[in-house]
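Reader: I have a structure open and would like to go through parts of it. Can we start with a helix and move on from there?

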Amino acid sequence: MAAMFSQNPLMNGPNYSFNDAPRTAAPEGARQHRFDPYTDNGGSTLAIAGADFAIMAGDTRLTSGYSINSRYHPKLFKIGGTTADQKDATIVLSVVGFAADGEALKERLDAICKMYRYRHGKPMSVKACAQRLSTILYQKRFFPYYVYAILGGLDEEGKGAVYSYDPVGSYEREQCRAGGAAASLIMPFLDNQVNFKNQYEPGSGVGHALQERERKPLTRSEGEILVKDAFDGAVERHIEVGDGLQMMVITKDGIEEVLLPLKKD
Amino acid sequence: MDHRPQAWGRPRDDVYGAYDHSYLQNSGPRQATQAPIVTGTSVIAIKYKNGVVMAADNLASYGSLARFPDVKRLRVFLDSSVIGFSGDVSDMQFLDRHLTELSIDEAYEDPSSDSKAGQLNAANLHKYLQKLLYKRRNDFDPLWNQLLIAGFDGDSKPYLASVDLRGTSFTSPSLATGFGSALAQPIMRRYAATEEDAAKLSREEAVEVIKECMKVLYYRDARSLDRYSIAVVTKEGVELKEDEQLEKQSWAFAEQIKGYGTQTV
Amino acid sequence: MTSIGTGYDLANSIFSPDGRNFQVEYAVKAVENGSTSIGIRCKDGVVLAAEKVITSKLLKQGANKRIATVDRHLGIVYSGMIPDGRHFVDRARDEARGWRDNYKTPISTKDLAGRMGGYMQAYTLYQSVRPFGITAIIGGYDSELETPVDGEVGSGPSVGAGGKVEGKKHGGPFLYMVEPSGLYWGYYGAATGKGRQAAKAELEKLDLSGDGESTGLTLEEAVKEAARIIYVAHDDNKDREFELEMTWISGADGPTKGRHLEVPETLRKEAEKYAERMTAKDVEDEEETKEGGDKMEE
């Protein structure tokens, strides 16, 4: 099972998520046939934190092998609102990986956030919700939710917050994160464009004298353009990504949702 | 991608290498293995302006043997929804009995004859089945089926969705299970690529597309039959015909096929 | 009551020297105080009707149903202690479900009546329990058609052994009444509760025993008669207002398609109008004959 969680592109050439296990023969002797409870439904997600906003994004394609099961299956969910349409929610969860686990995880986290809200009379902070999500994931350490989750919202100071997770609950707060099938395609782009990795002040010198470009948070419109560019790139190079781009922008005024077309090929 | 129900739930050949069938010859102690035995092949369905059309052939296979040629795989629920079953037939019977009990329980509280309000609609039914199949997957005791559920949602709009043995669920203007996802889905998407397209289709057009797809499936799927069931779900109820014959077959194309396996001329 | 003070009325499972179980007889008293319920079995179906006395203006109209669905084709109405009736219905549902689990086929009305009769009777045997304070009327329509076994997927071989006995009539409408003693009998028409005497008298006047296609009451006529009988059995002077609750069960080719359903509102209203008209006429007739009598005397 370990191979399933591997995101190591060195294991095999083109890094399709369903092709990431080495083709080794099963050991001789005792063998067991078992139902394989997991599958990979492809797709990709992305989140960027700004000074006073957070952008969450994901494509809407749902795949199974080379088949497209659905062209519109959202990976972004508003969490912890008090109504069915979640219009007063303040947190967004994105899940990618095994869709059935993603659905189950979303419903559990949503129920927990709702209970918190009813009991305490206030919405859960992203920080608390982030820790709780980690606990939920780790509770299933030996039969994990096969999902890469990202949680987005605004922290207690109103700054954009993005928390990213591995399937068993290890998490950290980051400026930006890409998850899922095209994570390895999008993440380096984000490193360069959000955290200005490998960008230096022109003419500042050579070797150790080189000065890094000063890091500052992106504006909202810069962020949205970056997201669209990242996905357009991923769609071009990854067969499991495409159809539609769902984007949610969390600000102090609430959550705005945008739906953009992506290539359907 | 191998679409036969026998391949469902198995480790993928292209990931883990060729499947090891040696456990079938094992004369040692029986292990708690799971595999579909008597199986039904594809179910296909498409939405149209006022409802949904669904079809499945009347065959239950035992491996490659056409074992039961008179098996009805479309089931009506509460006179308002249709469920199409592919995969294991005994699991289908279990689900059918379970749903019969459920529909009797539903009638306890609402015995009024002329109102369907307050009864489980197709969207509710789909959610219920998704939870059931996901629970069974978590218990490593899966129900070896992929289901299509057709009917209407809470807003009285046509509804079509799928659930499989792992609890993965999704919706789309047209859906197909098994071989149908490779053979029928592309044809159906020509007529209903988006929800908007589907909302323009007439009932006659939708039925025609489904019949055409059933024909293609009979041409190419060796585990299929030319007798089939077809259901049309409208707001008025379900019209189910269970003993239809494929019409206007033409096997002329078969002459053109050359070059498979050892055939050289 | 001669039993009082003898001690034989204090416990279930003890007979009095003259062979009576007083607890059961007291349970019957509880039924006799309950609001009226009736059932009519006619040639093409069964009608169940209940007089629901409105005990408070704060109760929502049409809510708090008295007649319960047990399986698709079965309904139960009861008079007496309503919580006992609720439990009785719960048990009936369990029996019907258990039958389906075992035999993969719906329970017949007769079998359900048998099971429920046995259940009621068990509550007359032990110190630790008291008998049910209800009399229940069980109505059902057992399908005459070749019905599939639950979960059946095909029609099977068209030739060979099996199937129903040719020429024998299978299924049809059935009506049973179960009393607190556990006694149950099949009836053409059944009535229980406060107005049972008047209701029985009216039921006896109906043509219910005709099993032929042409003779006997139709289901629609039975609905109207059921409404009328509830109105007749209702005592205007003593009781407060009441609501009429009616359900019916027809065969697969009838209006309910073999299911136990509420009588549609339009038909119920029609039946109620008919009932009001007929009861008003009865009163008029009575007064007329009275006047006539007076004249004769003069």
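Author: Fine. This is a predicted model. In α4(A), the buried residues are A:G223, A:L226, A:V227, A:A230, A:F231, A:A234 and A:V235.

Reader: Why do the buried residues of α4(A) line one face of the helix?

Author: Looking down the axis of α4(A), the buried residues fall within an arc of 165°, so they line one face.

Reader: And which exposed residues sit on the face turned away from the buried side of α4(A)?

Author: A:I225 and A:E236 are the exposed residues carried there.

Reader: What do the buried residues of α4(A) pack against?

Author: Four elements of chain A: the strands β1 (44–49), β2 (54–59) and β11 (244–251), and the helix α3 (183–193).

Reader: How many residues does α4 of chain A have, and what does it reach from its first C-alpha to its last?

Author: Helix α4 covers residues 220–237, which is 18 residues, and reaches 26 Å. That is close to the 26 Å expected at 1.5 Å a residue.

Reader: Zooming out, how many helices and strands does chain A have?

Author: Chain A has 4 helices and 12 strands. Of its 265 residues, 53% count as buried.

Reader: Switching to chain C. How many residues of strand β1 are buried?

Author: In β1 (residues 37–42) of chain C, 6 of 6 residues are buried. C:S37, C:G39 and C:R41 point one way, C:I38, C:I40 and C:C42 point the other way, and all are buried.

Reader: Which way does β1(C) run against β2 of chain C, parallel or antiparallel?

Author: Antiparallel, with 6 bridges joining β1(C) to β2 (residues 45–53). The two strands form a hairpin with 2 residues between them. The bridge partner of C:R41 in β2(C) is C:V46.

Reader: What about β8 of chain C?

Author: Strand β8 (residues 189–192) is joined to β1(C) by 4 bridges, and the two run antiparallel. There, C:I40 has C:G189 as its bridge partner.

Reader: Last one: what does UniProt list for residues 8–30 of chain C?

Author: The unreviewed UniProt entry lists them as "domain: Proteasome alpha-type subunits". In the model, the span is 39% helix and 0% strand, and its end C-alpha atoms lie 19 Å apart.

Methods: Residues numbered from 1 in each chain as written. Chains lettered and ligands numbered in written order. Predicted model: local features only at pLDDT ≥ 70, side-chain atom pairs only at ≥ 80, totals over all residues. Heavy atoms only, no water. Buried < 20%, exposed > 50% of the residue type's maximum accessible area, 1.4 Å probe, protein only. Expected span 1.5 Å × (residues − 1). Arc of directions from axis to C-beta. Contact = heavy atoms within 4.5 Å. UniProt positions renumbered as here; feature names shortened; annotations may be inferred. Pairing = 2+ DSSP bridges.
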